[in-house]
There are 2 protein chains.
Amino acid sequence: MVERKPIHKYDLIVLGSGPAGEKGAAQAAYFGKKVAIVERDYYLGGSAASTAIPSKTLRETSLALSGIRARRLHGVDLALKRRATVQDFLHHERKVKDAERNRVMNNILHHNIAIFKGKGSFVDERTIKIEARGKAPELLKGDIILIATGSFPRRPDNFPKDPRIYDSNSILRIKIMPKNMVVAGGGIIGCEYACTFAALGVDVSLVHNKDILLPFLDRDISFALENSMLKMGINLLMPESVESCNVKANRMEIRLGSGEVRRTEAVMLATGRTSNTGELNLEAAGITPGKYGLLVVDQNYQAIHPKTRKPVQGIYAAGDVIGAPALASTSMEQARFAMIKAFNLEPYKKHVAPILPLGIYTIPECSLAGKTEQELREEKIDYVVGKAAYNKNARGMIIGERDGFLKLIFEFNKDLSRPMKLLGIHVIGENASELIHIGVSALIMGASSNLFIDTCFNYPTLGELYKYATYDAMGNRAKHLQSE
Amino acid sequence: MVERKPIHKYDLIVLGSGPAGEKGAAQAAYFGKKVAIVERDYYLGGSAASTAIPSKTLRETSLALSGIRARRLHGVDLALKRRATVQDFLHHERKVKDAERNRVMNNILHHNIAIFKGKGSFVDERTIKIEARGKAPELLKGDIILIATGSFPRRPDNFPKDPRIYDSNSILRIKIMPKNMVVAGGGIIGCEYACTFAALGVDVSLVHNKDILLPFLDRDISFALENSMLKMGINLLMPESVESCNVKANRMEIRLGSGEVRRTEAVMLATGRTSNTGELNLEAAGITPGKYGLLVVDQNYQAIHPKTRKPVQGIYAAGDVIGAPALASTSMEQARFAMIKAFNLEPYKKHVAPILPLGIYTIPECSLAGKTEQELREEKIDYVVGKAAYNKNARGMIIGERDGFLKLIFEFNKDLSRPMKLLGIHVIGENASELIHIGVSALIMGASSNLFIDTCFNYPTLGELYKYATYDAMGNRAKHLQSE
C-alpha cells in the first residue's frame with residue numbers, strides 16, 4: 001500500500017514572515033484569500049524584528065543612557081555609560097523585540113493565516129515542501145507563491161571567524177562593551193552602528209571604500225552627516241579598504257589598503273547582505289537567482305527568469321530578497337502591491353507607493369524623499385533650493401539640536417506670481433525620518449510651495465521648518481531672477 | 001518760536017514684537033514696505049519668547065531630568081529630581097529664551113525694520129506716540145497700523161497677592177521647587193503646567209470648573225489625557241471651583257466650592273488672560289475694546305467698532321490681543337494674512353491658512369486638526385473612525401509610549417471602491433504636535449483615505465500610524481455596511 005501524503009491547498013503561500021511576508025499575507029487574507037505563511041525560524045517577524053528594530057532601540061537607548069540629549073539640554077552630564085552594563089543597555093531591546101514578534105504573531109492569527117514552522121522549498125512551481133526537525137515533511141499547494149525570505153549579513157573572506165568579529169546579527173548579542181571598534185563598510189548599517197557605538201563612548205573607526213558617505217543622499221546631507229560623525233569623534237577612514245584582519249589573543253590588527261595598521265578590540269562587519277535563496281530549491285520552479293542570491297522581478301514583483309526575462313507565472317518576490325533599497329518600509333509596500341497584482345485587487349490599490357522615502361537612523365537621523373540636487377542636474381531640470389536650520393527653529397532650540405536642517409528643492413519657475421512645484425525633501429537632524437512625511441504626502445499629491453505657505457504649523461514644532469525653507473526658496477528664486 | 005516735533009513716516013507701524021508683530025512686520029517688509037515695530041518691553045519676542053517657549057523648554061527638561069523617558073526605556077530610574085535644583089532646571093530655559101529673542105531681533109533687523117522701544121499709544125487713527133523713560137516722546141505716522149500687543153495673565157479677585165501664588169509669567173521665576181501645588185484653571189496653560197510639575201515630582205492638584213478637560217478636543221483625546229494625568233498622580237478636581245485662598249505663614253489654604261479645604265505650598269493661576277489694550281489710548285482711533293480688553297476684528301483682521309460693526313480703515317489686530325485661539329502659530333498666520341490684505345499682496349497669499357491645528361504640550365502631547373466627532377454629529381455628517389495605537393507601532397514601542405494613539409475621521413462613503421474624504425485628525429502621545437502635520441497637509445489638499453494607503457512611511461516611525469488608522473477606518477466601514 002502506498003501512503004499518500006496529504007496536500008494542503010491555499011490561495012497564497014508566503015515564504016518568510018518579515019515585513020514583506022507579514023504584510024503580503026495580511027493583504028491577501030484581508031480580501032478573503034486562504035493564506036499560509038512558512039517561517040523557518042523559531043520566531044516570526046524576520047530580521048526587522050530580530051535586528052532592525054533592536055538596532056533602532058539600541059540607538060534610542062544609547063542616546064538616553066549616554067546623556068547626549070541631557071548634555072545638550074543642561075550642560076549636565078547624566079551619562080551612565082561608565083557604569084551601564086551591556087545588559088542594562090540591552091534590556092529594553094529585548095522587550096521591544098518580543099513585543100514586535102508578538103505583534104506579528106497576533107496580526108497573522110487575526111487574519112486567519114495558517115502558520116507552518118519549518119524550512120520551505122519548491123517541489124514544483126506550485127508546490128512547497130516544509131521540513132521541520134522531528135516532523136514528517138508536509139506539502140502545500142498554492143495558486144500564488146510570495147518569496148519573502150530576506151537576506152543575511154555577508155562575511156568577506158579577508159575576515160577570519162572570531163567572536164570579536166561581529167556582523168549585524170551577532171552585534172546584538174555583544175557581551176562586553178569594547179573600548180574601540182572598527183566598522184568595516186560605510187553603507188546604511190555601517191553608519192548607523194558607528195553612530196550608536198560612538199554615542200556609547202566606544203572609540204569607533206569607520207572604513208568606507210568611497211570618498212563620500214551614503215552617496216545616494218543629497219550631497220549637502222552627506223557632508224553634514226560626515227561633519228556630525230567627525231564631531232562625535234568617529235574616525236572616518238575613506239576612501240579606504242581592509243586588506244586583512246589578523247587575530248591576536250588580546251586584540252585584532254586590521255591592515256588597511258593604505259598600508260596603515262589599526263589595532264582594535266572589536267570589528268563590526270557591515271559589508272553587504274546575501275539573499276536567503278540558497279535553500280529554496282528554486283530550480284524546481286524554473287528560477288535562477290543572480291549574484292548574492294538576489295531574485296529578479298518585474299514591475300509587478302513577479303519573479304522573472306534572469307535569462308529569458310520572462311515572468312514566472314504566479315511566483316512573486318518582495319523585500320530584502322530582491323535587493324535594494326531593502327528597507328522594511330519599502331518591503332511592505334512591495335509585498336502589498338505584489339498581492340494586489342497577483343489577485344487582481346486593483347480597485348483597492350492602483351499603484352505601488354509612488355514615493356519611497358529613505359530613513360537612516362544615524363545620529364543625527366537623515367531622511368530623503370524625491371529628487372536630490374545631483375539627480376536634477378543630471379536630468380537638466382532647473383531648480384531652486386530653500387533651507388531652514390534647526391537651531392533657528394524654536395523647537396530645534398528646545399531639543400538642543402544644533403546642526404540639523406531641512407532642505408527643500410522646488411522646480412524653478414520664472415513667474416513670481418506662480419507657485420513652484422516640490423521636487424525633493426532632504427533632512428538631517430533629530431526626528432528626520434518622521435519630519436520627512438509631511439513632504440512625502442505633499443510630493444504624492446503634487447504639491448507646490450503654496451502648500452507650506454498656506455499651512456499653519458503648531459508652535460513650537462520642527463514642522464515649521466517647511467514654511468521657512470519655502471520662504472528661503474522663494475527668496476532665492478527672486479535673487480536668481482534679479483541677477484539674470 | 002514753536003518747536004516742531006519730527007514725525008517719522010512709515011507704511012506700517014506694528015505695536016508689539018511677539019509672533020504676530022514679528023511675522024506681520026516681516027511680511028510687509030519682505031514686499032518692500034517701510035515698517036516700524038514698537039515694543040514697550042526691554043526684550044523683543046513678546047510672551048512667545050518670554051513664557052511660551054520657556055514653558056515648553058521646561059516641559060522638555062522635566063521629561064529629561066525627571067527620568068520619565070529613561071524609566072520607560074530601561075526600567076532604570078535616572079531621575080535627578082531629588083537632587084536637581086530649580087536653577088539646574090531653568091538653565092536651559094534661559095539659553096533658549098535668549099536664543100529666541102536674538103532670533104527675533106535678527107529677523108527684524110534683517111528685514112530693515114525700524115525698532116522703537118517704548119510705550120506706543122494712539123494720537124489719532126494714523127499717529128502713534130512713543131514714550132520711553134528719559135526720552136522725549138516721538139511721533140510715528142503709518143498708513144497701516146497692526147495692533148499685536150498680546151495679553152497678560154488675569155488674576156481673579158479671590159486670590160490675594162503672595163509670592164507663592166504664581167501666574168504663567170511669574171512661575172518661570174520660581175526659586176524653590178514646592179512639594180505640592182494647586183493649579184487653578186483647567187485650560188491649556190493649566191493642563192500643561194500641571195503635567196510639567198507633576199513630571200518633576202510635585203504633588204499637583206488641578207481645579208477645573210468643567211467636568212471634562214479641554215472640551216474643544218475630540219472626546220476620546222480628552223478622556224485619554226484625563227487618564228494619563230491621573231496615572232501621573234495629578235489630582236483632578238472637576239467640576240470644581242475655588243471659593244477663597246487663605247494665606248498663612250507656612251502654607252496656603254484653598255477653600256473649594258465643594259467645601260473641601262486643600263493645603264498647599266504653591267498656587268499657579270491659569271485663569272485666563274486679558275488683552276494688552278489698556279494703555280493704547282484706543283479711543284483716539286475710534287476703537288472700544290470688549291470684555292477683558294479684547295479687540296474685535298473682521299475676517300481680514302481689520303479692527304471693527306464693536307457697536308457699529310464697521311471696520312476701522314487701516315487698523316488691523318492679530319494674535320492674543322483678539323482672543324482665542326491665542327496660539328503663537330495662529331497669531332503668526334493672522335498677522336501675515338492681515339498684511340496681505342492691508343497691502344493688497346493677493347497673488348502671494350490668497351487666504352489665511354485654511355486649517356488651524358492645535359498643539360497642546362501636556363504630557364503626553366495632544367494635537368487636533370479638522371473636525372471632532374462631536375462637531376460632526378452636530379453637523380449631521382456621517383463619518384467613520386479609524387484608530388492606531390502607539391504601543392502596536394514599532395517606533396512607539398521603541399520610545400516606550402504606552403497610551404498614545406492616532407484617530408482619523410473620514411466621511412462615510414458606502415461605495416467600497418471609492419476612497420473616503422479625510423475630515424479630522426486627533427493625536428495624543430509623544431510628538432503629537434509634530435505628527436499632526438502630515439494630516440494638516442492632507443486636509444489642506446483635500447486628501448482621502450487613498451493618500452495614506454499610497455504613502456510609504458519610513459520604518460520605524462510614528463508616521464506609520466496614519467496607514468494603520470486608515471486601514472482600521474476601512475475595516476470599520478466594511479463592518480458598518482455588513483451590519484446594515
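**Cavities, salt bridges and domains in a predicted model**

The lining of the largest cavity is made up of six nonpolar, two polar and two charged residues (Ala, Val, Leu, Ile, Met, Phe, Trp, Tyr, Cys and Pro count as nonpolar, Asp, Glu, Lys and Arg as charged, and the others, Gly among them, as polar). The structure is a predicted model, in which local features need pLDDT of at least 70 and side-chain atom pairs count only at pLDDT 80 or more, while totals for chains, interfaces and linings use all residues. Residues are numbered from 1 along each chain as its sequence is written, chains are lettered from A and ligands numbered from 1 in the order in which they are written, and side-chain values use heavy atoms, with hydrogens and water left out.

The lining residues of this cavity are A:N431, A:E434, A:L435, A:I438 and A:L462, along with B:N431, B:E434, B:L435, B:I438 and B:L462. Here a cavity is a set of points, on a 1 Å grid over the protein atoms alone, where a 1.4 Å probe fits but cannot get out, and lining residues have an atom within 4 Å of a point. Helix 10 (432-444) of chain A and helix 10 (432-444) of chain B each contribute at least two residues to the lining; helices (H or I, at least four residues) and strands (E, at least two) are DSSP runs, numbered from the N terminus. The largest cavity holds about 110 Å³ of space, and five cavities of 30 Å³ or more are counted. Grid points are joined across faces, edges and corners, and a volume is the space filled by probe spheres set on the points.

Turning to charged pairs, 49 salt bridges are found over all chains, a salt bridge being a side-chain nitrogen of Lys or Arg within 4 Å of a carboxyl oxygen of Asp or Glu. One of them joins A:K23 to A:E22, with the closest N and O atoms 3.3 Å apart. A:K23 is buried, at 6% relative accessible area, and A:E22 is buried too, at 3% (buried means under 20% relative accessible area, exposed over 50%, partly exposed in between, with a 1.4 Å probe and protein chains only).

Another salt bridge pairs A:D403 with A:K231, at 2.8 Å between the closest N and O atoms. This pair connects distant parts of the chain, 172 residues apart: A:D403 sits in the loop between helix 9 (394-399) and strand 22 (405-411) of chain A, and A:K231 in helix 6 (residues 219-231) of chain A. A:D403 is partly exposed at 36%, whereas A:K231 is exposed at 62%.

In chain B, B:R377 and B:E373 form a salt bridge with an N to O distance of 3.5 Å. The two lie about one helical turn from each other, because they are four residues apart in helix 8 (residues 373-378) of chain B. B:R377 is partly exposed, at 48% relative accessible area, while B:E373 is buried, at 16%. In chain A, a network of salt bridges links A:D218, A:D220, A:E373, A:R377, A:K387 and A:K407.

Chain A is assigned domain 1 (8-57 + 86-153 + 274-342), domain 2 (165-271) and domain 3 (364-483), with bounds from an automatic or database domain assignment. The C-alpha centres of domains 1 and 2 of chain A are 31 Å apart. Between these two domains, 11 residues of domain 1 are in contact with 11 residues of domain 2, where contact means heavy atoms within 4.5 Å.

How values were computed: On a 1 Å grid over the protein atoms alone, a cavity is a set of points where a 1.4 Å probe fits but cannot get out, and a pocket is an open set with protein on both sides within 12 Å along at least five of seven lines; lining residues have an atom within 4 Å of a point.
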